[in-house]
Amino acid sequence: MRHLMNPLDFTTQELDRLFDLAGDIEHNMEKYAHACDGLILATCFYEPSTRTRLSFESAMTRLGGRVIGFSDAGSSSASKGESVSDTIRVVSCYADICAMRHPKEGAPMVAMEHSRIPVINAGDGGHQHPTQTLTDLLTIRSLKGSLGGFTIGLCGDLKFGRTAHSLIHALMRYEDIRFLFISPEELRVPDYITEILKSKKIPYEEITSLEDAMPRLDLLYMTRVQKERFFNEEDYIRLKDFYILDTAKMELARPDMLVLHPLPRVNEISVEVDSDPRAAYFKQVQYGVYVRMALILTLLELA
Amino acid sequence: MLNVGKIEEGFVLDHIKAGRSLSIYDHLGLDKLDCTVAIIKNARSNKMGKKDILKVECDINMLDLDVLAYIDHSITVNVIKDGEIVDKKDLVLPRQIKNVIHCHNPRCITSIEQELPHIFYLADPAREIYRCKYCEEKYTEHSKKRK
């Protein structure tokens, strides 16, 4: 039985198969409309999330399956003190596959260790968010044509931003990728990631100026500074609007550069950028549904 | 000078930093074993000034000594059989250590699920870096002192 905890759980060959399947789903949606008839996805979300939860629900529904679950810890047995390991033992009796989001890092791994059904990590604290990464990779592959041979800038909260961490881990395995980490000093990429980049001799730079980075990028991955990751409100207020991507900055970028964002955005991308053809973040949402459909089919061994 | 008799089969852990023998006693789980243990604290040492020594009389296959490599490289492990030293064991950093150190990351699941073991894996053998299995928080020499 396979689970998904980390983007590296799949080899690049397995990811190619997953993305090929997602591509087939995109173009032949009706072929998969009953692929999960009679099957149930449990969405165990211990912290608020609209996009990821709805994306999973949409994916399972489009496959003909059904969805049960909870959308915050207050409406689950966690509020009564139930452990993650007990919850997943119970959920294993109700559903065929589980997507779990939890504010504590490593919680889905605890679930995986006690589960009888495949578990998908739908985000664990500031740690990993592998299905967002699969979405990002599918978007890049679909819009850029390949996963390699480019310079990608990641901008914003690179310290707590799990989407950024997961994407970096996943891209490390492809050829000829250069990273530009654009963040304030306080929100730099954690050292465990830069240690791996150094050991693999993958080029990266840490800079503060988004303007300086723009002309050098093939892809820009913007992230939000997340209030819930800060223990100190003052730090959050000081850093939340550090970067704002607007049309003036977009003019510095190459004509074929793409802007991605895991969403939701707050102020970090000005709405005036939405009409720029290089803004790919809403297409990314659509790819998120296709890749989750492909993932559910793969983990349920229906593909 | 205090004299402790020799053992027939087991281990003599020598050159333990003075005062650390009780901690090692705990880490090896000796409190749970039905065997004879001599704990010698603050023995005179030419090399160290003062040192601790642990003598454990047991089947030599009974103890997992790898955890010692994580706690202190400089400990000498003498393997005793028929009253004689038959081997000096090289300590190898364990690939995984369980409940030796605790994860101090307040965002880690181990901070709220009390029954979870604190498991660390060897992420970088060359630099002796261990990371929490669940949250990947790094633990180094500095962190060991926090235990």
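1. Ground rules. Residues count from 1 along each chain as its sequence is written, and chains are lettered from A, with ligands numbered from 1, in the order in which they are written. Since we're looking at a predicted model, local features need pLDDT of at least 70 and side-chain atom pairs count only at pLDDT 80 or more, while totals for chains, interfaces and linings use all residues.

2. Domains. Chain A splits into domain 1 (7-128 + 286-299) and domain 2 (131-285); the bounds come from an automatic or database domain assignment. Their C-alpha centres sit 25 Å apart.

3. Where the domains touch. Here 20 residues of domain 1 of chain A are in contact with 22 of domain 2 of chain A (C-beta atoms, placed from the backbone, within 7 Å). On the domain 1 side, α1 (12-27), β4 and α11 (281-299) of chain A each give two or more residues, and α11(A) has the largest share, seven residues. Helices are DSSP runs of H or I, at least four residues, and strands runs of E, at least two, numbered from the N terminus.

4. Helix α6 (residues 162-171) of chain A. Nine of its ten residues are buried, meaning 20 or more other C-beta atoms lie within 10 Å of a residue's own, again placed from the backbone. Among them are Arg162(A), His165(A) and Leu171(A). The cover includes β4 (119-124), α5 (130-144) and β8 (219-222) of chain A.

5. Between chains. Chain B puts 13 residues in contact with twelve of chain A.

Methods
Buried ≥ 20, exposed ≤ 12 C-beta atoms within 10 Å, placed from the backbone. Contact = placed C-beta atoms within 7 Å.
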